[in-house]
Amino acid sequence: MSESDDIRDLLEQRAAAMRAGDADRLVADYLPDAVTFTLAPPLKHTAPEVGDPEGMRAWFAGFDSAVDYEVRDLHVTVGGDLAFCHSLNRMSAVPRGHGEAFDLWFRATVCLRRVGGAWRIAHEHTSTPFHMDGGFSAALDLTP
């Protein structure tokens, strides 16, 4: 299997962990000094928060359904022990008490380092575009 295939496999395992609500698996992929810029505030997440499964468990508990999660159009670039990838991701779930699922497409960029022969996440950035028409509302209705 190629380095690119290893990374694709890691990201598919993460998508499966998201669908399974496996908080421990999701945080295990981050390096201890990882930094994430996620859809949720604040602007930046660092250790120990990034590696704490309790935060992910609390997030999963905010839904009345499992989280459906998909990674599409994944592009991987590898150079030595560093790699980055970008994709369009879809997430869908029923927020607690809402009765109806949301369906959200967003952008993701993941930077990885190979440590001890295994790819680990050093940085992750997820975002939604916003309308540049003066309203500055998130463009949540976009699909690929």
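Mentor: We will go through the model topic by topic.

Mentor: This is a predicted model, so local features need pLDDT of at least 70, side-chain atom pairs count only at pLDDT 80 or more, and totals for chains, interfaces and linings use all residues. Residues are numbered from 1 along each chain as its sequence is written, and side-chain values use heavy atoms, with hydrogens and water left out.

Trainee: Okay. Where is R90 found?

Mentor: R90 sits in strand β3, residues 82-93. Helices (H or I, at least four residues) and strands (E, at least two) are DSSP runs, numbered from the N terminus.

Trainee: Is R90 buried or exposed?

Mentor: R90 is buried, at 13% relative accessible area. Buried means under 20%, exposed means over 50%, and partly exposed is in between, with a 1.4 Å probe and protein chains only.

Trainee: Which side chains does the side chain of R90 make a polar contact with?

Mentor: One is D68, at 2.6 Å. Another is D103, at 2.8 Å. A polar contact is a pair of N or O atoms within 3.5 Å; within protein, one must be able to donate a hydrogen and the other to accept it, and residues adjacent in sequence count only if both atoms are side-chain atoms.

Trainee: And what else is R90 in contact with?

Mentor: Leave aside neighbours within four places in sequence. R90 then contacts D68, Y69, E70, D103, L104, W105 and F106. Contact means heavy atoms within 4.5 Å.

Trainee: Which residues are linked with R90 in a network of salt bridges?

Mentor: D68, E70, R72 and D103 are linked with R90 in that network. A salt bridge is a side-chain nitrogen of Lys or Arg within 4 Å of a carboxyl oxygen of Asp or Glu.

Trainee: How many salt bridges does the structure hold?

Mentor: It holds 13. One of them pairs R57 with D24, with the closest N and O atoms 2.6 Å apart. That pair links distant parts of the chain: R57 is in helix α3 and D24 in helix α2 (residues 23-28), 33 residues apart. R57 is partly exposed at 33%, and D24 is partly exposed at 41%.

Trainee: What about R114 and D81?

Mentor: They form a salt bridge too, with the closest N and O atoms 2.8 Å apart. R114 lies in strand β4 and D81 in the loop between β2 and β3, so the pair ties together parts 33 residues apart in sequence. R114 is partly exposed at 23%. D81 is partly exposed at 44%.

Trainee: And E12? What does E12 form a salt bridge with?

Mentor: With R19, the closest N and O atoms being 2.9 Å apart. E12 is partly exposed at 41%, and R19 is partly exposed at 32%.

Trainee: New topic: the core. Which residues touch the most other members of the largest nonpolar core?

Mentor: I7, C85, L112 and W119, out of 14 residues. The elements giving two or more residues to this core are α1 (3-20), β1 (30-37), β2 (68-79), β3, β4 (102-115) and β5. α1 gives the most, with three residues. A nonpolar core is a set of buried Ala, Val, Leu, Ile, Met, Phe, Trp, Tyr and Cys residues joined through side-chain atoms within 4.5 Å.

Trainee: What does L112 touch?

Mentor: Not counting residues up to four places away in sequence, L112 touches I7, L10, D81, L82, A83, C85, W119, R120, I121 and A122. There is also a second, separate core of 13 residues, which includes L26, F63, V67 and F106.

Trainee: Now the backbone. Which peptide bonds are cis?

Mentor: The bond from P41 to P42 is cis, with omega near 0°. The bond joining A47 and P48 is cis too, with omega about 0°. P42 lies in the loop between β1 and α3 (53-60), and P48 is found in that loop.

Trainee: What is phi of D73?

Mentor: Near 55°, a positive value in a residue other than glycine. D73 is in strand β2 and is partly exposed at 43%.

Trainee: And F136? Is F136 buried or exposed?

Mentor: F136 is exposed, at 53%. Its phi is near 55°, a positive value in a residue other than glycine. F136 lies in the segment after β5.
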